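Open the model in your viewer and keep the selection tool ready. Each stop below says what to pick next and what is there.

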Protein chains: 2
Amino acid sequence: MPDAARVSLNTATVRARWSLRQCIDGCARHGIGGIAPWRDKLAECGVAEAARMIADHGLHVSGLCRGGMFPAADAQGLQAALDDNRRAVDEAVAIGAACLVLVVGGMPSGSKDLALARRQVEDGIGSTLEHARACGMPLAIEPLHPMYAADRACVNTMAQANAICDALGPGVGIALDVYHVWWDPDLAAQIARAGAKRLLAFHVCDWLVPTRDLLLDRGMMGDGVIDIPAIRAAVEAEGFSGAVEVEIFSADNWWKRDPDEVLRTLVERCATVV
Amino acid sequence: MPDAARVSLNTATVRARWSLRQCIDGCARHGIGGIAPWRDKLAECGVAEAARMIADHGLHVSGLCRGGMFPAADAQGLQAALDDNRRAVDEAVAIGAACLVLVVGGMPSGSKDLALARRQVEDGIGSTLEHARACGMPLAIEPLHPMYAADRACVNTMAQANAICDALGPGVGIALDVYHVWWDPDLAAQIARAGAKRLLAFHVCDWLVPTRDLLLDRGMMGDGVIDIPAIRAAVEAEGFSGAVEVEIFSADNWWKRDPDEVLRTLVERCATVV
């Protein structure tokens with residue numbers, strides 16, 4: 001059971017109420033050792049100021065969210081995505097992130113060609129990887145739940161992510177979020193296949209029954225059906241020793257609460273049910 | 001492109017407005033050659049009367065929906081599920097169904113043990129299979145989208161369904177619904193692995209972007225992002241020659257429309273975009 005120093009706050013968890021500075025101060029108040037900002041929070045205060053604030057508080061940065069969104073309908077769109085990913089790598093370097101998390105993107109509007117989108121994703125990661133390697137910034141592919149295959153990420157299993165890592169070589173790994181992969185009958189085998197070298201981030205929240213919204217109804221750890229300790233044990237058995245990053249999209253519940261209550265709760269849950 | 005005689009109406013598509021008799025009359029009006037009733041529609045009029053009406057109209061029965069829901073918290077619950085599945089087999093025989101579709105069930109309330117639920121499903125299908133074989137009624141495992149893993153079906157991929165078929169032998173196959181499997185990077189390989197002998201039913205609807213409800217926001221073929229003709233071609237390349245069964249759960253759209261408009265539309269879409 002991780003103590004608070006091992007926990008990382010993904011800013012999405014309190015994004016409706018707190019700026020990056022408030023997130024950092026909140027981590028300090030609750031003894032939370034790490035943070036994983038989304039780029040919108042960096043943009044609010046500027047990357048340099050964000051980097052300074054994070055460093056001043058001695059926070060570990062378990063990841064920057066996010067790069068990705070590679071597929072596009074035309075060459076101009078593909079290039080724009082590559083340019084944006086290059087900037088994302090630079091931002092991740094600036095704040096000392098352990099990795100840049102990639103939400104790889106779905107099919108461009110109007111397309112039904114999932115295989116093409118998947119090829120564009122692999123090509124896009126490959127192109128971004130050159131710059132990322134030069135900067136020493138690991139890229140972490142986050143397989144997203146299959147319910148996001150159309151519009152958010154066409155990498156939907158650990159097996160796909162592992163296959164891309166196989167194809168592209170060093171410098172690219174995986175961000176495993178229990179919400180996205182808990183259902184996968186092949187999960188244990190694919191965690192073992194990934195191994196410590198590829199397991200770059202470990203995200204937690206919970207799957208609620210019922211789930212009322214495809215995107216914004218994720219649960220606090222312990223409130224749903226995911227056997228989080230079992231997945232964490234599998235990841236740590238491979239040698240993963242990074243942060244337990246808490247990322248909860250919850251428009252109608254946690255986003256409406258006092259963020260200090262949210263942080264108090266997630267620290268307690270990490271100590272008891274993760 | 002299937003003509004109407006090749007199409008089968010799953011009664012869920014118009015369930016909010018039509019009884020089984022109305023569905024049968026509607027199929028006759030629109031030249032639809034098949035029907036796939038849910039058991040609630042049989043219960044309304046009685047199985048014997050349902051069988052008589054279907055036979056009188058010369059409709060092909062592409063499947064009975066549904067058996068399954070095997071996992072349970074205790075022995076009593078497991079036995080109740082087996083008893084219900086035995087009745088479902090008998091009803092499928094009574095109406096001359098091509099198969100009994102199995103929605104296998106998720107985790108019992110309070111459980112986080114997905115592996116146990118999956119074992120209970122395989123055991124339950126195995127037990128049901130004895131009676132089904134004696135009756136000559138094929139059981140069709142329907143892999144459901146991973147977003148239903150918790151509460152509806154813990155068989156979420158064609159690979160899982162194929163593995164159960166491998167383990168249990170003749171008499172059990174697969175109902176492939178494009179909505180549940182379109183995202184699967186392993187789909188083509190698993191359709192080939194299944195082959196004609198296991199491909200017992202082919203269900204169509206479409207995945208909408210955005211999808212506003214996990215259960216009741218499925219689209220009419222052509223309104224979403226699934227490359228249905230490609231999946232149908234893969235299934236038919238294996239030798240599948242059964243019905244194209246249209247099953248659309250759509251609380252806020254198609255269920256609210258005049259059912260004759262729904263049937264007219266689905267026949268036209270089957271001829272153009274399936």
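**Stop 1: two helices in chain B.** Select helix 4 and helix 5 of chain B; their crossing is right-handed. This is a predicted model. Helix 4 of chain B spans residues 75-94, and its axis comes within 10 Å of that of helix 5 of chain B, at a crossing angle of roughly 35°. Now show side chains. On helix 4 of chain B, pick B:Leu78, B:Leu82, B:Asn85, B:Arg86, B:Val89, B:Asp90 and B:Val93. They meet B:Gln120, B:Gly124, B:Ser127, B:Thr128, B:His131, B:Ala132 and B:Cys135 of helix 5 of chain B. Color this contact by class: six residues are nonpolar, six polar and two charged.

**Stop 2: a helix pair in chain A.** Select residues 20-30 of chain A, which form helix 1, and residues 259-272 of chain A, which form helix 10. The two pack at an angle of about 50°, and their axes are 10 Å apart. Helix 1 of chain A is therefore oblique to helix 10 of chain A. This crossing is right-handed. From helix 1 of chain A, the contact uses A:Gly26, A:Cys27, A:Arg29 and A:His30. From helix 10 of chain A come A:Asp260, A:Leu263, A:Arg264 and A:Val267. By class, the contact has three nonpolar, two polar and three charged residues.

**Stop 3: the largest pocket.** The largest pocket has a volume of about 490 Å³. Its lining counts 23 residues; the closest to the centre are A:Leu114, A:Ala115, A:Arg118, B:Trp182 and B:Asp184. Which helix gives the most to this lining? Helix 5 of chain A does, with five residues. Helix 5 (114-135) and helix 6 (158-168) of chain A each supply at least two residues, as do helix 8 (187-198) and helix 9 (228-237) of chain B. The lining holds 15 nonpolar residues, one polar and seven charged.

**Stop 4: the second largest pocket.** Move on to a pocket with a volume of about 360 Å³. Here 18 residues form the lining, and A:Trp182, A:Leu187, A:Ala230, A:Ile231 and B:Leu114 are the closest to the centre. The lining has 13 nonpolar residues, five charged and no polar.

**Stop 5: a cavity in the structure.** How many cavities of 30 Å³ or more does the structure hold? The count is one. The largest cavity has about 30 Å³ of space. Select B:Thr11, B:Ala12, B:Arg15, B:Trp38, B:Asp40 and B:Lys41 to see its lining. Two of these residues are nonpolar, one is polar and three are charged.

**Stop 6: backbone details.** Switch to a backbone view. Most peptide bonds are trans, and most residues other than glycine have a negative phi. Go to the bond from B:Cys65 to B:Arg66: it is cis, with omega near 0°. B:Arg66 sits in strand 4 (residues 64-68) of chain B. Next, find the bond from B:Val209 to B:Pro210, also cis, with omega near -5°. B:Pro210 is in the loop between strand 8 (199-204) and helix 9 of chain B. Finish at A:Met69, where phi is positive, near 50°. A:Met69 lies in the loop between strand 4 (64-68) and helix 4 (75-94) of chain A.

Note on methods: Residues numbered from 1 in each chain as written. Chains lettered and ligands numbered in written order. Predicted model: local features only at pLDDT ≥ 70, side-chain atom pairs only at ≥ 80, totals over all residues. Heavy atoms only, no water. Axes fitted to C-alpha atoms, helices over the stretch in contact; angles between N-to-C directions. Helix = DSSP H or I, 4+ residues; strand = E, 2+ residues; numbered from the N terminus. Parallel < 35°, antiparallel > 145°, perpendicular 65-115°, else oblique. Left-handed = near helix turned anticlockwise from the far one by under 90°. Contact = heavy atoms within 4.5 Å. Nonpolar A, V, L, I, M, F, W, Y, C, P; charged D, E, K, R; others polar. 1 Å grid on protein atoms, 1.4 Å probe; cavity = no way out; pocket = protein on both sides within 12 Å on 5 of 7 lines; lining within 4 Å. Points joined across faces, edges and corners; volume = space filled by probe spheres on them.
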